[in-house]
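Trainee: Could you take me through one part of this structure slowly, and tell me how far the coordinates around it can be trusted?

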Amino acid sequence: MRPANWWMALAALCLLPWPAEAQPAFRERARQLPPAILVPVDELAAALERDGLPPGPLFAKALEGAAKGVPADRLLPALDRYGARLRQARSLLGGAVEPAVLIAGVDALTRGVPPATLRGLRQPERRPVTLVVLADLVGSGLPADQALTVVRDAMARRAADDALLGIPALARRLLRERGSTDAAFQALRQRIRQGGGRIGPPVPPGSEPLSRDRPRGGG
């Protein structure tokens with residue numbers, strides 16, 4: 001899978017609803033796993049549940065690994081690490097968080113977002129889309145503090161979720177064009193300011209920013 005397609009697939013997974021009543025379905029689907037994988041996965045899931053964590057993401061990860069043909073001697077240690085990451089993400093993001101937030105938090109940690117950055121997120125920022133975008137910006141090469149500033153700039157402009165999800169592609173392009181993270185960072189912030197809540201092509205000189213927090217017309 002190409003990197004861009006992989007990221008979009010991850011974003012879709014993180015943004016899916018994970019209601020509590022759907023959790024048993026993941027366990028039921030996992031019954032198709034070979035006993036050599038299912039038994040230890042069941043044990044890992046039970047340990048997560050004892051700690052107050054949803055087992056669905058673990059079963060989903062196990063099914064994904066098995067579908068890719070990952071052998072048990074590699075898959076089980078990876079699942080053990082995944083469980084540890086779920087615990088870490090829950091600890092950093094706060095107590096009762098949705099499974100989709102945990103999944104996005106694990107991805108953020110895996111892709112290099114520092115634990116302190118996750119811990120410092122404000123409550124409105126502890127959402128799957130925010131975490132997915134933050135992780136991809138860091139994965140693209142922006143330092144975590146700059147990535148978080150960019151996300152906060154866009155949220156302050158009341159950018160819709162689809163606009164937020166468009167930021168990493170723009171960041172990668174600017175990183176290629178500008179040749180340094182600082183230059184790309186400044187250009188990205190300027191683009192967000194110019195576009196208001198929409199991230200797109202540059203606004204022509206003299207045009208009004210398309211911002212939801214500015215009145216339109218002559219009032």
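Mentor: Let us begin with the confidence, since this is a predicted model. Over residues 200-219 the pLDDT stays under 50, and the model has 24 contacts beyond four places in sequence for this stretch. Residues 1-16 likewise have a pLDDT below 50, with 23 contacts in the model beyond near neighbours in sequence. Where pLDDT is low, the predicted coordinates should not be read in detail. The chain as a whole averages a pLDDT of 82, with 77% of the residues scoring at least 70, and confidence runs from a mean of 44 in helix α1 (residues 3-15), where it is lowest, to 96 in helix α7 (residues 115-119), where it is highest.

For the close look, let us turn to the largest nonpolar core, which holds 59 residues, and in which Leu118 is among the members that touch the most others, together with Leu137, Leu142, Val150, Ile167 and Leu188. Several helices give two or more residues to this core, including α5 (72-93), α6 (99-110) and α8 (128-140). Leaving aside neighbours within four places in sequence, Leu118 is in contact with Leu92, Leu93, Gly105, Ala108, Leu109, Val113, Arg126 and Leu131.

Beyond residues up to four places away in sequence, Leu92 touches Leu109, Pro115, Leu118, Arg119 and Arg126. Between Leu92 and Leu102, which are 10 residues apart in sequence, the C-alpha to C-alpha distance is 9.9 Å.

How values were computed:
Residues numbered from 1 in each chain as written. Predicted model: local features only at pLDDT ≥ 70, side-chain atom pairs only at ≥ 80, totals over all residues. Heavy atoms only, no water. Core = buried A, V, L, I, M, F, W, Y, C linked by side-chain atoms within 4.5 Å. Buried < 20%, exposed > 50% of the residue type's maximum accessible area, 1.4 Å probe, protein only. Helix = DSSP H or I, 4+ residues; strand = E, 2+ residues; numbered from the N terminus. Contact = heavy atoms within 4.5 Å. pLDDT = per-residue confidence, 0-100.
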